[in-house]
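Please consult the sequence and the 3D view alongside the text.

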Amino acid sequence: MKISGNSFCPCGSQKKFKKCCRVFHYGENPSNALELMKSRYSAYAANDSDYIIKTTHRDNKDYTSDEQKWKESIHDFVGHTEFKGLEILNFEEGEDTAYVTFKASLFQGAIDVSFTEKSKFVKVHDLWLYHSGEIIE
């Protein structure tokens with residue numbers, strides 16, 4: 001799905017997309033793991049598989065060198081999902097490791113889905129990358 005730059009950002013900031021997460025999608029580096037997490041949620045909402053891939057740590061279970069297959073997987077997920085909201089519950093940042101706990105609300109098919117995840121981020125060469133996530137019941 002294409003998101004207009006003048007639309008509200010999917011991350012929930014109440015800022016316009018072009019002044020919020022899209023700046024990261026276009027090349028600016030997030031200054032912390034929270035910005036990265038929110039910009040990744042927005043990238044899923046905008047179907048920006050390149051950004052998702054670029055910001056995923058090599059040790060992530062979904063990481064693959066077959067980028068075409070990975071992109072197809074992302075596009076398939078996004079094509080069947082409406083991103084309804086993001087709520088940040090907790091943010092802990094150390095020097096090279098950070099954790100963001102969030103609740104995401106999605107609509108898939110005819111089903112409302114929400115889940116809470118604690119995501120781990122790792123800093124590599126001064127860039128934050130998504131390492132892994134644990135679903136919290």
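The points below treat the pocket, the aromatic rings and the backbone in turn.

The structure is a predicted model, in which local features need pLDDT of at least 70, side-chain atom pairs count only at pLDDT 80 or more, and totals for chains, interfaces and linings use all residues. Residues are numbered from 1 along each chain as its sequence is written, and side-chain values use heavy atoms, with hydrogens and water left out.

**The largest pocket**

- The largest pocket has a volume of about 680 Å³. A pocket is an open set of points, on a 1 Å grid over the protein atoms alone, where a 1.4 Å probe fits, with protein on both sides within 12 Å along at least five of seven lines.
- Its lining comprises 27 residues, and Arg40, Tyr44, Asp62, Glu117 and Tyr130 lie nearest the centre of the pocket. Lining residues have an atom within 4 Å of a point.
- Two or more lining residues come from each of α2 (33–45), α4 (67–79), β2 (97–108), β3 (111–124) and β4 (127–136). Helices (H or I, at least four residues) and strands (E, at least two) are DSSP runs, numbered from the N terminus.
- Strand β4 gives the largest share of the lining, 6 residues.

**Aromatic rings**

- The whole structure holds 7 aromatic pairs. Rings of Phe, Tyr and Trp (its six-membered ring) pair if their centres lie within 6.5 Å; planes under 30 degrees apart count as stacked, over 60 as edge-to-face and the rest as tilted.
- Tyr41 and Phe83 form an edge-to-face pair, because their ring centres are 5.7 Å apart and their planes stand at 90°. This pair links distant parts of the chain, with Tyr41 in helix α2 and Phe83 in strand β1 (residues 81–93), 42 residues apart.
- Both Tyr41 and Phe83 are buried; buried means under 20% relative accessible area, exposed over 50% and partly exposed in between (1.4 Å probe, protein chains only).
- The rings of Tyr63 and Trp70 are also edge-to-face, since their centres are 5.2 Å apart and their planes are at 70°. Tyr63 is partly exposed at 25% relative accessibility, whereas Trp70 is buried at 8%.
- Ring pairs join Tyr41, Tyr44, Phe77 and Phe83 into a cluster.

**Positive phi values**

- Gln14, a residue other than glycine, has a positive phi near 70°. Gln14 lies in the segment before α1 (22–25) and is exposed, at 58% relative accessibility.
- Asp126 likewise has a positive phi, near 65°. Asp126 is placed in the loop between β3 and β4 and is exposed, at 65% relative accessibility.

Definitions and conventions
Grid points are joined across faces, edges and corners, and a volume is the space filled by probe spheres set on the points.
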